[in-house]
Amino acid sequence: MWNNSLPLYRQIANKIKEDIIGSKLAKGDAIPAEAKLAKTYEVSRVTVRQAIKLLVEEGLLYSIQGSGTYVAHNKVEHNILHLQGFTEEMQKLQNNPKNEVLEFKLTDPTDEVQEILNISSNEKVYYMKRLRYADHEPFLLEESFLPVDLFPDFSIEVIKKSKYNYIENKGYTIDKRYGELIPILPNEELKKILQLQDNQPLLFLKAFTVFEDGKPFEYSKVYYHPKKYSFKFISEKND
């Protein structure tokens with residue numbers, strides 16, 4: 001059944017790929033447990049584990065500790081020139097978005113936050129840290145600061161849903177986002193939160209968003225899962 005041209009675990013990985021396609025498993029579907037795969041392919045569980053690890057590294061599968069291994073999403077092709085919230089973007093792709101609030105508090109603004117949001121040192125800001133999921137997969141980690149004076153009734157219930165929907169429902173018009181996107185190496189916290197298997201660089205966005213009158217209302221830091229996102233844009237040549 002197997003040959004010596006490739007390491008056995010790579011042959012098993014290729015076979016798992018074929019079987020995923022053949023059984024028409026969809027994103028988010030669980031694959032059989034290690035023991036069942038070992039019995040099916042007549043190899044050791046160690047070999048199966050190596051094969052699954054390879055497929056996780058390739059982005060075809062993802063694992064949840066204590067739950068199992070699942071078929072991963074295709075990469076989201078994110079248009080960096082189009083401003084939209086994560087919830088809106090995932091709903092358009094028919095992915096089921098979910099927000100896990102890791103931290104939410106009122107705090108004093110740092111010098112950096114004061115400068116970006118154009119506020120004084122005695123004005124409080126909301127700080128939130130959210131892990132954003134699509135169909136139970138972690139896609140990005142977001143940290144945001146918003147002025148309390150603009151949104152006095154802002155709450156943890158709001159950020160469990162769509163922050164931008166809340167803001168627009170208050171009558172504000174969100175206009176532009178200014179930011180920079182840079183590659184960074186994940187620290188141990190990011191690797192744990194985003195369930196990263198290695199030190200693959202991820203994209204880090206620092207940005208602030210303004211209303212149509214130019215007033216900044218949000219400063220964000222976003223860490224994108226390197227295997228869940230690709231960024232696209234269209235360049236036009238001027239004559």
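This note goes through a predicted protein model point by point.

1. Basis. This is a predicted model, in which local features need pLDDT of at least 70 and side-chain atom pairs count only at pLDDT 80 or more, while totals for chains, interfaces and linings use all residues. Residues are numbered from 1 along each chain as its sequence is written, and side-chain values use heavy atoms, with hydrogens and water left out.

2. Overall make-up. The protein has 8 helices and 10 strands; these are DSSP runs numbered from the N terminus, helices being H or I with at least four residues and strands E with at least two. Of its 239 residues, 42% count as buried. Buried means under 20% relative accessible area, exposed means over 50%, and partly exposed lies in between (1.4 Å probe, protein chains only). The protein exposes about 13,800 Å², and carbon and sulfur atoms supply 48% of that area. Accessible areas come from the Shrake-Rupley method with a 1.4 Å probe, and for residues only the protein chains shown count as cover.

3. Contacts. Among contacts in the protein with a separation of 6 or more, 60% are between residues 24 or more positions apart. Contact means heavy atoms within 4.5 Å.

4. Helix α1. This helix covers residues 8–22, has 15 residues and reaches 21 Å from its first C-alpha to its last, close to the 21 Å expected at 1.5 Å a residue. The expected span is 1.5 Å times one less than the number of residues. Its buried residues include Q11, I12, A13, I16 and I20. An α-helix has 3.6 residues a turn, so residues three or four places apart point the same way. The cover over the buried residues of α1 includes α2 (34–41), α3 (45–57), β1 (61–64) and β2 (68–71).

5. Helix α3. The 13 residues of α3 should span 18 Å at 1.5 Å a residue, and its end C-alpha atoms are 18 Å apart, which agrees. T47, V48, A51, I52, L54, L55 and V56 are buried in α3, and the buried residues of this helix pack against α1, α2, β1 and β2. Just after α3, G59 takes a positive phi of about 90°.

6. Cavities. The structure holds 2 cavities of 30 Å³ or more. On a 1 Å grid over the protein atoms alone, a cavity is a set of points where a 1.4 Å probe fits but cannot get out, and lining residues have an atom within 4 Å of a point. Grid points are joined across faces, edges and corners, and a volume is the space filled by probe spheres set on the points. The second largest cavity holds about 170 Å³. Its lining has 17 residues, of which V56, Y62, Q195, H225 and K228 lie nearest the centre. Strand β1 gives the largest share of this lining, 3 residues.

7. Positive phi. Most residues other than glycine have a negative phi. N118 is not a glycine, yet has a positive phi of about 55°; N118 lies in the loop between α5 (111–117) and β5 (125–134) and is exposed, with a relative accessible area of 63%. Q195, also not a glycine, has a positive phi of about 60°. Q195 lies in the loop between α8 (188–193) and β8 (202–211) and is partly exposed at 32%.

8. E123. This residue lies in the loop between α5 and β5 and counts as partly exposed at 24% relative accessibility. Leaving aside neighbours within four places in sequence, E123 is in contact with P109 and D149. E123 and V148 are 25 residues apart in sequence and 7.5 Å apart in space, C-alpha to C-alpha.

Conventions:
On a 1 Å grid over the protein atoms alone, a cavity is a set of points where a 1.4 Å probe fits but cannot get out, and a pocket is an open set with protein on both sides within 12 Å along at least five of seven lines; lining residues have an atom within 4 Å of a point.
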